[in-house]
Structure formats: C-alpha cells, structure tokens
Amino acid sequence: MQRCIDLANNGLGHTYPNPLVGSVIVCNNKIIGEGYHTKSGENHAEVNAINSVKDKSLLEKSTIYVSLEPCSHFGKTPPCADFIIKNKIPKVVIGTIDTFSEVCGRGIKKLKDAGCDVTIGVLENECKEINKRFFTFHQKKRPYVIIKWAQSFDGFISITRQKYSKPQPYWISNETSKILSHKWRSEEQAIIVGKNTAFSDNPKLDVRDWAGQSPLRIVIDKKLELNKNLHLLDDTVKTLVFNNFENKFSKSLMTEYCKIDFSSDIISQILNVLYQKQIQSLIVEGGTFLINSFYNSGFWDEIYVTFGKIILNSGISAPKIQGKLISNQKIDTNILFNYKNII
C-alpha cells in the first residue's frame, strides 16, 4: 500500500478534478504490475496496473492493492471495479473509501457482490492525506486552502514601503525556498494575492522555476485600480480578478473579472466562486491583510511559514499562528514550518 501511495503522488498537480490514486498487483508475494492515475480523462490507476501485467493469466490468482476505492460509475472512463471483475482478480485491498457521492461504497459493494475478497483500511490515514484536496472539496464544498508567507527572524513579513515606490518584490526567503515555492504552485490549482501585493511586488505567480502548470492566478482589486502593465494582467496565464463592478472576460479570454459584494463576507464569496469553478486547492500568498482575513475566517487547512535569517527591525508584522505544528525542516539558510488547522 505504501508503494500505491508513492505511485499516486506522481500525479500531483495533473489529475484535477480527479483524486490521486496508485495501484499495485501482487502474485505469490511478487509485484507483477503497477500504475497510477496520470491525468484527468486518461486511464485510472487500476487499469494502468492491470494493463502493465505481461502474463494476464496470473491475474486470476493475484491481489490488487489500490490507495482509493475503485470507481463504480461511468465518467470520462469506464468503472474500474468492473475492470477488476472482468479480469477475475480475486482479492482487492483498498486504502480508504472514496467519500465522493458517485462512489462512496458502491465500488466496494460491486466487488463484493462479484465474489471478490475485499480488505479496507490499510494505511487509511496516509491514503486520506494524499487526497486531502479532493476530500475537502467534496466534503466542505470549498477548495483546500494553504496559507504561506516568508518572515524575517524578528517576525516581520515585509518592509514598510513608500506609497509611490516602484513595484518590486522584497525577498526574505533564499533561492532554494523560492524554487520550492514554485514547486508548490505547480501542485495546486489556484493562487491568490491582494491588490497591494499585486502593486508593490508585481508578482507573476507562475512556475518559471519549476516544471509544471501554472495555477489560476487570482487577485482582489475592489475598484479595478491596478495598472494593466502589471504581470498579473498580462494575459499570459489564466487570471481571475475579484472586483466590485463587473463580470467580463478580456479579449484573449485569459483574464476574467468576477463581481462580488465587498460589503459582505468576501472570503466565503471567493471560496464559493472557486468551488463552482471546480477549483480544489488554493494558495494564499499575500499580503498581510488577505492572509489575516483567511486565517481569521477559519477557512484554511495548512500554513507554511519560511523563516529567513534576515533581521528587519521594523516593518509589517507576521500573523500569530494558532495551529498544530506538523513539521519543520531546514532549507539551506531558511527554516520551513508547516502547521495544520485542527478545528
């Protein structure tokens, strides 16, 4: 099952809106086939694993391991439970049940009804963890929210800028941490910043330092004051602009303007729009007001904080975190802390 999990993680950032799934086939204590779901619309893990077996006659005396309950419904591909049954695999070991309403026990029932010996719950927590985005999206009806920032050793998230200073980023994290940040972007579906960060840092929010697909860029610009020359409005990457005035697309269809009510709870509105757009994960990257707004709303799941060695003495203070510390690791001269929301 651990091998299933390792395989499944190879699809991170490529399978949306589908979950991450890995599968291994064993015969006489030897792995004879394996596979994972690589991309939405393509074969699922179980199909890839079965297809990889050279001697199909061995399947009738094999066990198939899969990190997530095999699907039982027709989507872009036929049901995996049916394919397992068709290939007469007698034993099925499942990491965790799929809570998605179209599956949710139906795949297991179909396998049992066909006479398969089904075991459930092997490395269950680990199998749930790799699909935390998928499960959160379907259970909580919102994206999985990751808040991240870098802060100085003395607790400041940024310097205090002059009102008319030239838009440019102020780096606290080191080069390795910046590459890691781009890796995270490639794994999530969307990334959001506020108007002040868009203006002062002029970020691209892409994955130029990592292989993968850039996330949907999101910026909050209530009065549509941002200069069209900023990177976020350059129509090179799909971008969503939340504002108080209009719903429209740019001529290239790469930038969408979405009207929300700024006199009401904007975080809930943003998350609801993203849910309707099938966005399963969101990185909140700045600035301090937006980070605090998401944090105080309670609609967050993880926080990543990079501590730099730099001392600023003054500036914009970093948020105070109340969450469960999951891990910390040294990234060259930086230290990365990961927290989870335990509520």
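What follows is a short chat about salt bridges in this structure.

Biologist: Before I dig in, what kind of model is this?
Modeller: It's a predicted model, where local features need pLDDT of at least 70, side-chain atom pairs count only at pLDDT 80 or more, and totals for chains, interfaces and linings use all residues. Residues are numbered from 1 along each chain as its sequence is written, and side-chain values use heavy atoms, with hydrogens and water left out.

Biologist: OK, how many salt bridges are in the whole structure?
Modeller: The search finds 18, counting a side-chain nitrogen of Lys or Arg within 4 Å of a carboxyl oxygen of Asp or Glu.

Biologist: What does K340 pair with?
Modeller: K340 bridges to E129, with the closest N and O atoms 2.7 Å apart. K340 sits in strand β17 and E129 in helix α5, so the pair ties together parts 211 residues apart in sequence. Helices (H or I, at least four residues) and strands (E, at least two) are DSSP runs, numbered from the N terminus.

Biologist: And E302, what's its partner?
Modeller: K132, at 2.6 Å from N to O. E302 is in strand β14 and K132 in helix α6, 170 residues apart.

Biologist: Are E302 and K132 buried or exposed?
Modeller: Both are buried, meaning under 20% relative accessible area; exposed is over 50% and partly exposed is in between (1.4 Å probe, protein chains only).

Biologist: Which residues are linked with those two in a network?
Modeller: E129 and K340 join E302 and K132 in a network of salt bridges.

Biologist: Switching topic, what about K183?
Modeller: K183 forms a salt bridge with E187, at 2.5 Å between the closest N and O atoms. They're four residues apart in helix α7, so about one helical turn separates them.
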